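Biologist: Thanks for sitting down with me over this one. Could you bring up the sequence and the fold, so that we can go through some helix contacts together?

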Amino acid sequence: MGKSLAMYMSLLRVLLRLVGVRSQVVEIEPGTLVHFWAPAENPNKTKIHNQAKRKPAVVFLHGFGFNGISTWQFQMLALAKDYAIYVPDFLFFGGSFTDKTERSPAFQAECMAKGLKKLGVEKCTLVGLSYGGMVGFKMAEMYPDLVDSMVVTCSVMALTESITRAALERIGFSSWAEVLIPETFEGVKKIAELCTYKSLAMPDFFYRDIFQDMFINHKKERAELLEALQVKDKDFYIPHYPQAQRIHLLWGEEDVFFTMEIARNLKERLLGGKATLHYVEKAGHVVQSERPCAYNRQLKKILASLYAN
């Protein structure tokens, strides 16, 4: 890790410890490890046995390219006081790994769910960005007793052929791997440009550090994840989500990957429009990082409504 990024991450870890969030690795099964940022006190060991007295569990699922802490740092710091925050790294991102050959979103969902259960999480709200939203939808389908509600940001239920074709045409790339698995730090700069409404004013050495730390390893496995993520239009179906009345869409108004039109269509397809749609102005795909204060205000309101009773 480059010096600039290492210094920043060290400071961030100190701040997270101060709000009661720590790093830990959970063995899902032999050969499969999932890294989590989670409450310092395991709810299995707490002296508070009344579930109603515990902080509600909120699980943040990151997008493709960056790990959990780099994606959700502003939300972790803002929400840890009132919620039990869990931020996993997906397999082949951050500190998570498997020696299995399975690459599907369903396998990611299974590993995340098993990890959460080992950490004592019985019920949670998922907050998923992009790839994390797709895995989150799969978790909601597969584990309805675990997933009580969802906040989906700049994502879709599945990455179909038609969605892929339109998105790649908008951003000027021929494949998801071409944009999301960069070969140089310039590719990381391009990702940042595409994901934000306004270009980030960061020096090249910081992009180099990010490239070295987050994009060098597991290129083959990540390409396989992207391949497994894509679905033929004829094979796509809308699952039954028991949580449909508790699904909230929280978007960046200027997202070029998954536009507001996609968000409106998604809202209508989730049990006849029973989901709600919110958006942040002058923000792109990584709205939670580009305009964290505005995003957090809306997220806090959504979570407060979910746990009002």
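Biologist: Happy to start with α3 and α4: at what angle do their axes cross?
Modeller: Bear in mind that this is a predicted model. Helix α4 covers residues 131-142, and its axis comes within 8 Å of that of α3. The pair counts as roughly perpendicular because angles of 65 to 115 degrees fall in that class. The crossing angle is roughly 70 degrees.

Biologist: Nice. Which residues of α4 meet α3?
Modeller: On the α3 side, the contact is made by P105, A106, Q108, A109, E110, M112, A113 and L116. By class, the contact of α3 with α4 has 10 nonpolar, 1 polar and 2 charged residues. The α4 residues are Y131, V135, K138, M139 and M142.

Biologist: Over to α1 and α8, then: how are they placed, roughly parallel or roughly perpendicular?
Modeller: Helix α1 spans residues 3-18 and helix α8 residues 204-214. Their axes are 8 Å apart, with a packing angle of about 75 degrees. K3, S4 and L5 in α1 meet F205, F206, D209, I210 and D213 in α8. The angle therefore makes α1 and α8 roughly perpendicular.

Biologist: Last one from me: which helix gives the most to the nonpolar patch?
Modeller: That surface patch is about 480 Å² and is made by L11, V14, L15, L18, V19 and L77. V14, for one, is found in helix α1. With 4 residues, the helix giving the most is α1.

Definitions and conventions: Residues numbered from 1 in each chain as written. Predicted model: local features only at pLDDT ≥ 70, side-chain atom pairs only at ≥ 80, totals over all residues. Heavy atoms only, no water. Axes fitted to C-alpha atoms, helices over the stretch in contact; angles between N-to-C directions. Helix = DSSP H or I, 4+ residues; strand = E, 2+ residues; numbered from the N terminus. Parallel < 35°, antiparallel > 145°, perpendicular 65-115°, else oblique. Contact = heavy atoms within 4.5 Å. Patch = residues over 30% accessible without salt bridge, like charges linked within 9 Å, V, L, I, M, F, W, Y side chains within 5 Å. Areas by Shrake-Rupley, 256 points an atom, 1.4 Å probe, with all protein chains shown as cover. Salt bridge = Lys/Arg side-chain N within 4 Å of Asp/Glu carboxyl O. Nonpolar A, V, L, I, M, F, W, Y, C, P; charged D, E, K, R; others polar.
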